[in-house]
Amino acid sequence: MRAGLVIACGLALCAAGCGRDGDRAEVRTVAGRFLQALEDHDGAAACAELSADTRKQLEQSEHQSCRDAVGGMGLQRAPVTRVQVFITNAKADLANGDSLFLSQGAAGWQLSAVGCRPKEGKPADRPYDCALEA
C-alpha cells in the first residue's frame with residue numbers, strides 16, 4: 001500500500017513538472033511573438049499578445065489605438081534568457097535586462113506588463129518600473 005502511494009505521488013509530481021514545462025514554453029512563445037511583432041512594426045500582432053486590460057491601459061495613456069501606440073514604447077527585441085511560472089502568472093527575462101510579465105486566463109498566456117526593469121535597491125525591495133502595465 002505504501003509503495004503504491006509513493007509511486008502515485010511521484011507520478012503526480014512528474015505530471016505537475018511536465019505541465020510547468022509546457023507553460024514555460026508557451027510563455028517563451030508569447031514573448032517571442034510580441035517582440036518579433038514589434039520588430040516587424042506589426043502593431044496589430046503585438047497588441048494581440050497583450051491582455052485586454054493592458055491594451056486598454058496603453059490606449060488610455062497614449063490616446064490612440066493600441067496598434068498605433070505599441071510601437072512607440074521604445075521596446076527592443078532581445079532573446080528570452082529565463083522564464084519563471086507561478087501558477088497563473090509568469091515572468092520572462094530578456095538578454096537586454098528587461099522583463100515581461102504574463103498572466104494566464106481563458107485566452108491563454110497574455111502580457112500584462114512589458115518593458116519592466118528592477119528599481120535600484122536591495123533585491124527583496126526592488127519593485128519593477130514598467131513601460132506598460134495594466
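# A guided tour of the predicted model

I87 is found in the loop that lies between β1 and β2. Please select this residue to begin, and keep in mind throughout that the structure on the screen is a predicted model.

**Stop 1: I87.** Is I87 buried or exposed? The residue has a relative accessible area of 66% and counts as exposed, because the cut-off for that class is over 50%.

**Stop 2: H41.** Next, select H41, in the loop between α1 (2–39) and α2 (43–48). H41 is a residue other than glycine, and its phi is likewise positive, near 55 degrees. Its relative accessibility is 73%, so H41 counts as exposed.

**Stop 3: the sheet.** How many strands form the open sheet, and in what order do they lie? There are five, in the order β1-β2-β3-β4-β5, with antiparallel pairing. The strands at the edges are β1 (80–86) and β5 (128–133), each of which pairs on one side only. From one strand to the next, the twist averages 25 degrees. In general, the strands of a sheet pair through backbone hydrogen bonds.

Now select β1 together with β2, residues 89–94. These two strands run antiparallel and are joined by six bridges.

**Stop 4: salt bridges.** Now show the side chains. In general, side chains of opposite charge can pair when their charged atoms come close. How many salt bridges does a search of the whole structure find? The search finds seven; the selections below visit several of the residues involved.

- Select R24 and D21. Their side chains meet in a salt bridge, with a distance of 2.3 Å from N to O. Both residues lie in helix α1, three residues apart, which is about one turn of the helix. R24 has a relative accessible area of 30% and is partly exposed; D21, at 45%, is also partly exposed.

- Select R77 and E39. This salt bridge has its closest N and O atoms 3.5 Å apart. The pair links distant parts of the chain: R77 is in the loop between α4 (66–69) and β1, whereas E39 is in helix α1, 38 residues apart. R77 counts as partly exposed at 47% relative accessibility, and E39 counts as partly exposed at 44%.

- Select D93 and K91. The closest N and O atoms of this salt bridge are 3.2 Å apart. Are these two residues buried or exposed? D93 has a relative accessibility of 13% and counts as buried. K91 is buried as well, with a relative accessible area of 12%. Both residues receive this label because buried means under 20% relative accessible area.

**Stop 5: a network.** Finally, select E26, R33 and E49 at once. What links these three residues? They are joined in a network of salt bridges.

Conventions. Residues numbered from 1 in each chain as written. Predicted model: local features only at pLDDT ≥ 70, side-chain atom pairs only at ≥ 80, totals over all residues. Heavy atoms only, no water. Pairing = 2+ DSSP bridges. Helix = DSSP H or I, 4+ residues; strand = E, 2+ residues; numbered from the N terminus. Axes fitted to C-alpha atoms, helices over the stretch in contact; angles between N-to-C directions. Buried < 20%, exposed > 50% of the residue type's maximum accessible area, 1.4 Å probe, protein only. Salt bridge = Lys/Arg side-chain N within 4 Å of Asp/Glu carboxyl O.
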